[in-house]
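Grab a pencil and work through these exercises with the model open beside you. Try each task before you read its solution.

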Amino acid sequence: MTRDFRQIDVFSTGPFTGNPLAVVAAAEDLDEQTMRAISAWTNLSECTFLLPPTTEEADYRVRIFSLDTELPFAGHPTLGTARAWLDMGGTPQRSDVIFQECAAGLIRVRPDGDRLAFAAPPRLRTGPVEPGLLEQVRAVLGVERAQMVDAAWADNGPGWIAVLLDSASTVLSLRPVLARGGLEDLKVGVVGPWGPGGEADVEVRGFFSEGLALPEDPVTGSLNASIAQWLTETERISAPYVAAQGTVLGRRGRVHVTGDDAGDLWIGGQAEVSIRGTVEV
C-alpha cells in the first residue's frame, strides 16, 4: 500500500538546520512491529505514524517512535507531525488550535505567527536529584561542582534530568563521557545563559545514553518544555525567551518559549517540509 510520507525539519532557522522527523500517514493497519521496523530504518531520532483519533476532541492521533522504542510524548515530533498533517490536507476542527492525541493524552498545538507551538505538558517527576546520582551526572558531564548552579528532575515522559550550568560557554564546552559516571542509563539536559544582546537567551544540549554511547539530540522539544517550566518557576528566567540548541552539531535550532494569560508555556519553532513523497508498506 502506498502511503503519504513527509520529512520535516523542526526548530530550524533555514534549510536543514533543525531536527528532522519522518512522518508516515494512514498507518491504522500497521502493527507495532512494522512501525518499529520503519522507524529504525529511517535512522532518525524519531519517526511518527498518523492514525484516526479515538476521541471527538482530537484532530488526529499519533504514535511516536525513537528508532524501535515507543514514546508517550516528544516535542519535536509533535510540531513536525502537526506540520505534516496540515501539509497533507488536514483541517483542524478549530481555527486557533490543533488537538493531537498521543499516548500522553491530548496535546494542544497552535499557530504562532509563521511557527507552530505546543503547550508544555505536565511533568511526571520534579524536585531535587538524589546527591549520589547528581555526582554521577557531574562526572559524566566533566564539569566542576562550582559550574553546576542547580539541577532538578524535569521528566515529562522521556525521563530528563535538567542541569543549569554557569554559562552558555560552559554548555558548549561539554564533552560528556558516559563511563566517567558509571551510569548505563541517562537522559540529561543542560542549559546555560548567554549574556544580554545575543540572538538567544540560553544554550541547551540534550544527551541520552544508548548502550555504552551518549548521543546528542540536535533540538529537543520535550527537554526545552520541562526546562522552561523549571526555570520560570524558580524565577531564573521569564518568558518570552529564545533557546539555542544543536550548535555543537552544526545545527542552528531555535526554540521560542512564550507564556499566556492562563499561565501555560508554549514551545514553538519553525517546522518546514523538507521531503514530500510516498512510502510502500
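**Exercise 1.** How do the residues of the lining of the largest pocket divide into nonpolar, polar and charged?

*Solution.* A quick note before we start: this is a predicted model, where local features need pLDDT of at least 70 and side-chain atom pairs count only at pLDDT 80 or more, while totals for chains, interfaces and linings use all residues. Residues are numbered from 1 along each chain as its sequence is written, and side-chain values use heavy atoms, with hydrogens and water left out.

Step 1: On a 1 Å grid over the protein atoms alone, a pocket is an open set of points where a 1.4 Å probe fits, with protein on both sides within 12 Å along at least five of seven lines; lining residues have an atom within 4 Å of a point.

Step 2: sort the lining. Ala, Val, Leu, Ile, Met, Phe, Trp, Tyr, Cys and Pro count as nonpolar, Asp, Glu, Lys and Arg as charged, and the others, Gly among them, as polar. That gives eight nonpolar, 11 polar and six charged residues.

Step 3: find the centre. The lining has 25 residues, and Glu46, Ser66, Leu71, Lys187 and Phe208 lie nearest the centre of this pocket. Its space comes to about 440 Å³.

**Exercise 2.** Which strands are joined to strand S16 by four bridges?

*Solution.* Step 1: strands here are DSSP runs of E, at least two residues long, numbered from the N terminus. Two of them pair if DSSP finds at least two bridges between them.

Step 1: look at S8 (residues 115–119), which is antiparallel to S16 and linked to it by four bridges. Here Ala119 has Trp266 as its bridge partner.

Step 2: now take S15 (residues 253–259), also joined to S16 by four bridges and antiparallel to it. Thr258 of this pair faces Trp266. S15 and S16 make a hairpin with five residues between them, and Gly263 in the turn has a positive phi of about 90 degrees.

**Exercise 3.** Which residues have the most contacts inside the largest nonpolar core?

*Solution.* Step 1: such a core is a set of buried (under 20% relative accessible area, 1.4 Å probe, protein chains only) Ala, Val, Leu, Ile, Met, Phe, Trp, Tyr and Cys residues joined through side-chain atoms within 4.5 Å.

Step 1: among its 47 residues, Phe118 and Ile267 come out on top for contacts. Helix H5 (residues 221–233) gives the largest share, six residues.

Conventions. Buried means under 20% relative accessible area, exposed over 50%, partly exposed in between (1.4 Å probe, protein chains only). Grid points are joined across faces, edges and corners, and a volume is the space filled by probe spheres set on the points.
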